[in-house]
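Subject: Structure for you to look at

Hello,

Here is the structure I said I would pass on. Please open it first; my notes on what turned up follow below.

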Amino acid sequence: MESPFVKTLSNEKGTAIFAALMLLILATGLGLLAFHVSSGELQISAYGERELASTYLAEAGVEKILSWVSNPTKSPNPTFFARLPATHCSGEKASPDFQVSDALMNDLSEGPFSELGNRGKLFDLRLFKPSHPDGICTIQSAAVVGKGTAKVIRVEIGRNPLPPITAGVQGFGETGVASSVWGHWGPVRYTGNVRLGTALNKIPVVNPTLSPYAYPYTEQGPNEDPVTEIHVQKQINGPLTQGYTNVFENDSTVGLDSVMPTKQDDIKNFIKGHGGYYVVSPSGRLEQNGVDRGAFDDLFGDPGDDYALAWIDIVPGYSSSDPIRLGRKNYRGYFYFSGNVQVQDDPFQIGMTVEAQAHPWSSRLSGSVTLNHIRLDGLFYALGAIELQGPFSSYGAFYAGQGFTGPGAENLQVWYDNRLRSSYVGVPPVTRLKGTWHSLPISDM
C-alpha cells in the first residue's frame, strides 16, 4: 500500500515540473517578444538614420545651387546663374527654369556631386518660380539613402539684404564743416545744406572726352572726371559753383541709400551667418558673443585677399558713448556701424595697391585699373557721423548718415566701385528666405 507521504511528494513533483515548463514557455515568449521589439527598434532606428541622412543629402543639393549662384563659372550653366540674382524664376514646377540632368547627378566620378561618393544619391534638383513676395526662385532638392528612404525639401531664395550703394560719397550735409568733394567715378550726394570745401579745384570738372590714364591710375593735371556729379538737397554754402555743369543744388530728389529700421534685423542676421556681429563694450572694444575680441584695428587691420563683413552695434546703456576709433591700419571689407566713427590720422600708413574695376564709362579698357595708396577697399557705412582726423582714400563707398566732420572731412577721396549697386564682392548674392523651408512627401514632387 502506497504511503500518503509518497503520493503527496509525487503530486508536488508534477506541479513543479508543470510550473517550470510554464515559466520556460513564458520566458521564451518574452525573449521572442523582446527580440522582435529590439529588431523593430533597430529597423526604426536605421530608418531614422537613413531619413536624417537623406535630409542632409537634399540640403547638400540646396547648398550646391547657392554655391553656383556665388560662383557661376563652376556651375553647369554659367550664364543662367550669373543672371539669377538680378532676375526671377518664372517657370512652373513641372517646367522649371533650371534642372540638373540625370547624367550630371549620376556622374559620381567627376561630376558636381562626386564628393557625395556612396553616401546616397540626389535624384532631383530644380529651380522654378517663387511664391514668397521677396523670393527670386524656389529650390527643390530630393535625395535617397538606402531603400525607400527619400527626402524632398523645398526652400525659396531671395537677394541678400545688404542695401545697394548707388553713390561713392553720401551723407548729411549740415555738420558745420566742409565736406569731401573728392569723389571719383560716380555720384556724390548730400542731404540738407553743405559746404563743399575751401577751394574750387576740389570740385571735379566734367570732361566727356577724358580717357583713363595709363596704368597705374593717378590723379594728374586738373581735377577732371567725366561721370562724377554732386547733388545737394538744399543749398551749397561756398565755394561758388557757377560754371560747373555737374554740380546741382536745391535738388529735391536727393536721397540716401539708407538702411531702413525694418530691414536692420534682416541685415544683422545675414551678417551673423556670413560675417561677424560685434557689440561695442563700455571701454570701446569689440565683443562677440560676450567675448572681448579687441579693438577694430586689431580685428580688421592689415587684411588679406578676403573681404570682411561686419556689423558693429551700439547698445544703449552698455556701449561706450565715444566714437568707434580706427584708422591706424588698412582695411578690406564691408563695415556697418550703428553709431559714430572716428577715422584717426596716421601719416605713416602707406595704403594698399588695389586692382579696381575698369572705369564704367570706358569701352576701351578691359580688366582692372591700378589704384595706389588705398586705405579701404570696400565700404564704411555709418548710421551716425564719420569724423575724419586726416586724409583718407577708399575704393568703394563712404556713407555717413549724420554727415562728415573733423579736420580731414574735405580730404576724403573715394573712387566709387559701381559694382556696389548690385553686389558685394566676396559676399553671397542670395540667401534662404526665413520660413520657406518645407519637407514634402514624394507624391508632391
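Which residue in β22 is the bridge partner of I386? F404 is the partner. Please keep in mind that this is a predicted model.

That bridge belongs to the pairing of β20 (residues 386–388) with β22, which is parallel and runs over 2 bridges. The two strands sit in an open sheet of 4 strands, ordered β14-β16-β20-β22, with parallel pairing. At its edges are β14 (324–326) and β22 (404–405), each of which pairs on one side only.

As for the chain overall, there are 445 residues, and 45% of them count as buried. The secondary structure amounts to 5 helices and 25 strands. Among contacts with a separation of 6 or more, 61% are between residues 24 or more positions apart. The accessible surface is about 22200 Å², and carbon and sulfur atoms hold 55% of that.

The largest pocket has a volume of about 610 Å³. It is lined by 24 residues, and R159, P161, D266, T431 and L433 are the closest to its centre. Two or more lining residues come from each of β4 (150–159), α4 (261–274) and β24 (430–432). The biggest contribution is from α4, at 8 residues. By class, this lining has 9 nonpolar, 8 polar and 7 charged residues.

The second largest pocket comes to about 510 Å³. Of its 23 lining residues, P85, S422, S423, Y424 and P429 lie nearest the centre. Here α1 (4–70) and α2 (78–83) each supply at least two residues, and α2 gives the most, with 3. The lining divides into 14 nonpolar, 5 polar and 4 charged residues.

How many cavities of 30 Å³ or more does a search of the whole structure find? The search gives 1, and the space in the largest cavity is about 50 Å³. Its lining consists of Y307, Y334, D377, G378, Y395, G396, D417, R419, L420 and V425. The elements that give two or more residues to this lining are β19 (376–382) and β21 (392–400). Sorted by class, the cavity lining has 5 nonpolar, 2 polar and 3 charged residues.

Regards

How values were computed. Residues numbered from 1 in each chain as written. Predicted model: local features only at pLDDT ≥ 70, side-chain atom pairs only at ≥ 80, totals over all residues. Heavy atoms only, no water. 1 Å grid on protein atoms, 1.4 Å probe; cavity = no way out; pocket = protein on both sides within 12 Å on 5 of 7 lines; lining within 4 Å. Points joined across faces, edges and corners; volume = space filled by probe spheres on them. Nonpolar A, V, L, I, M, F, W, Y, C, P; charged D, E, K, R; others polar. Pairing = 2+ DSSP bridges. Buried < 20%, exposed > 50% of the residue type's maximum accessible area, 1.4 Å probe, protein only. Contact = heavy atoms within 4.5 Å. Areas by Shrake-Rupley, 256 points an atom, 1.4 Å probe, with all protein chains shown as cover.
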